[in-house]
Amino acid sequence: MSDENTQILLTVGILGGTGKEGAGLAMRWALNGYRVIIGSRSEEKATTRATEMNEELGGDYITGMGNEDCAKESNLVVLSVPYGAHKPTLESVKEHCAGKVLVDLTVPLQPPEIMSVNLPEGNAAALEAQDILGDEVTVVAAFQNVSSVKLKKLDQPVDCDVLVCGDNADAKQEVIQLVKAAGMRGIDAGALKNAVAVEALTPVLLYINKAYKVKGAGIRITGVED
Ligand SMILES: NC(=O)c1ccc[n+]([C@@H]2O[C@H](COP(=O)([O-])OP(=O)(O)OC[C@H]3O[C@@H](n4cnc5c(N)ncnc54)[C@H](OP(=O)(O)O)[C@@H]3O)[C@@H](O)[C@H]2O)c1
């Protein structure tokens with residue numbers, strides 16, 4: 001699963017890839033050898049967005065599809081929708097995710113209170129995702145602390161680390177490679193339940209953004225060699 005040659009052929013599908021966070025990741029992965037499909041509730045919106053992204057990238061890199069087809073046609077699925085759309089989106093693609101890794105980058109924010117921690121009913125969006133999708137899908141949590149503002153500067157590395165949580169070691173390594181392909185360092189941050197802490201860090205970063213008048217506060221792990 002984490003072999004370099006298979007990564008070149010891996011198709012990554014991003015549900016909600018029409019949005020801010022998903023689009024940045026889509027373009028970075030496309031530039032680094034992954035096949036990328038962006039998903040949307042509207043196939044037309046997805047194809048239009050894919051065309052815009054391809055124009056920006058200067059090549060035919062990204063394909064747009066409805067979310068269900070996006071999940072079906074991908075080897076690995078990324079969920080990039082607001083928390084309010086988390087459950088219905090997962091339910092709509094569940095059958096197409098069986099046997100695959102699903103990367104959940106959802107932060108369970110409760111607007112307008114986005115600068116304080118909101119623990120959802122299942123303690124973490126990623127734990128809820130695993131519960132909704134069942135044992136046939138391997139959920140890995142990552143990217144919750146990465147600002148879309150930084151991701152969209154495609155010519156620059158992103159100045160932060162990415163904590164990767166999951167219960168399957170191979171799946172975590174695969175996601176750590178994806179993190180690298182997006183221009184960051186992935187850190188194995190333990191079990192999926194540790195996503196409770198990682199998701200909860202994002203409102204802290206949003207508070208720091210406001211307090212220090214910056215746009216993309218992020219996190220770095222010190223003491224770990226590359
Ligand atoms: N933005 C950031 O800097 C950032 C950083 C870290 C983590 N995150 C997390 O990443 C996820 C996506 O964030 P984002 O900023 O990219 O969000 P976004 O741009 O607001 O939305 C992403 C996509 O989700 C779909 N969507 C929006 N509302 C929906 C609804 N009610 N039902 C179903 N689908 C809906 C839309 O796709 P279609 O209309 O095409 O279906 C939209 O393009 C969130 O969970 C967020 O917490 C974001």
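Student: What volume does the second largest pocket have?
Tutor: About 170 Å³. Keep in mind that this is a predicted model.
Student: Which residues line the second largest pocket?
Tutor: Tyr83, His86, Lys87, Glu121, Gly122, Leu127, Glu128, Asp131 and Ile132.
Student: Which helix gives the largest share of that lining?
Tutor: Helix 6, with four residues. Helix 5 (86–97) and helix 6 (125–133) each supply at least two.
Student: And how does that lining split by class?
Tutor: Four charged, three nonpolar and two polar residues.
Student: OK, now the largest pocket. How much space lies in it?
Tutor: About 980 Å³. Its lining has 37 residues, and Lys20, Glu21, Ser80, Val81 and Pro82 lie nearest the centre.
Student: Which elements give two or more residues to that lining?
Tutor: Helix 2 (20–31), helix 7 (148–151) and helix 9 (195–211). The largest share comes from helix 9, with four residues.
Student: What about classes there?
Tutor: The lining of the largest pocket has 17 polar, 15 nonpolar and five charged residues.
Student: Switching topic. How many cavities of 30 Å³ or more are there?
Tutor: One. The largest cavity holds about 60 Å³ of space.
Student: Which residues line the largest cavity?
Tutor: Among them are Val107, Pro108, Leu109, Asn118, Glu199 and Pro203.
Student: How many of its lining residues are nonpolar, polar and charged?
Tutor: Eight are nonpolar, three are polar and one is charged.

Methods:
Residues numbered from 1 in each chain as written. Predicted model: local features only at pLDDT ≥ 70, side-chain atom pairs only at ≥ 80, totals over all residues. Heavy atoms only, no water. 1 Å grid on protein atoms, 1.4 Å probe; cavity = no way out; pocket = protein on both sides within 12 Å on 5 of 7 lines; lining within 4 Å. Points joined across faces, edges and corners; volume = space filled by probe spheres on them. Nonpolar A, V, L, I, M, F, W, Y, C, P; charged D, E, K, R; others polar.
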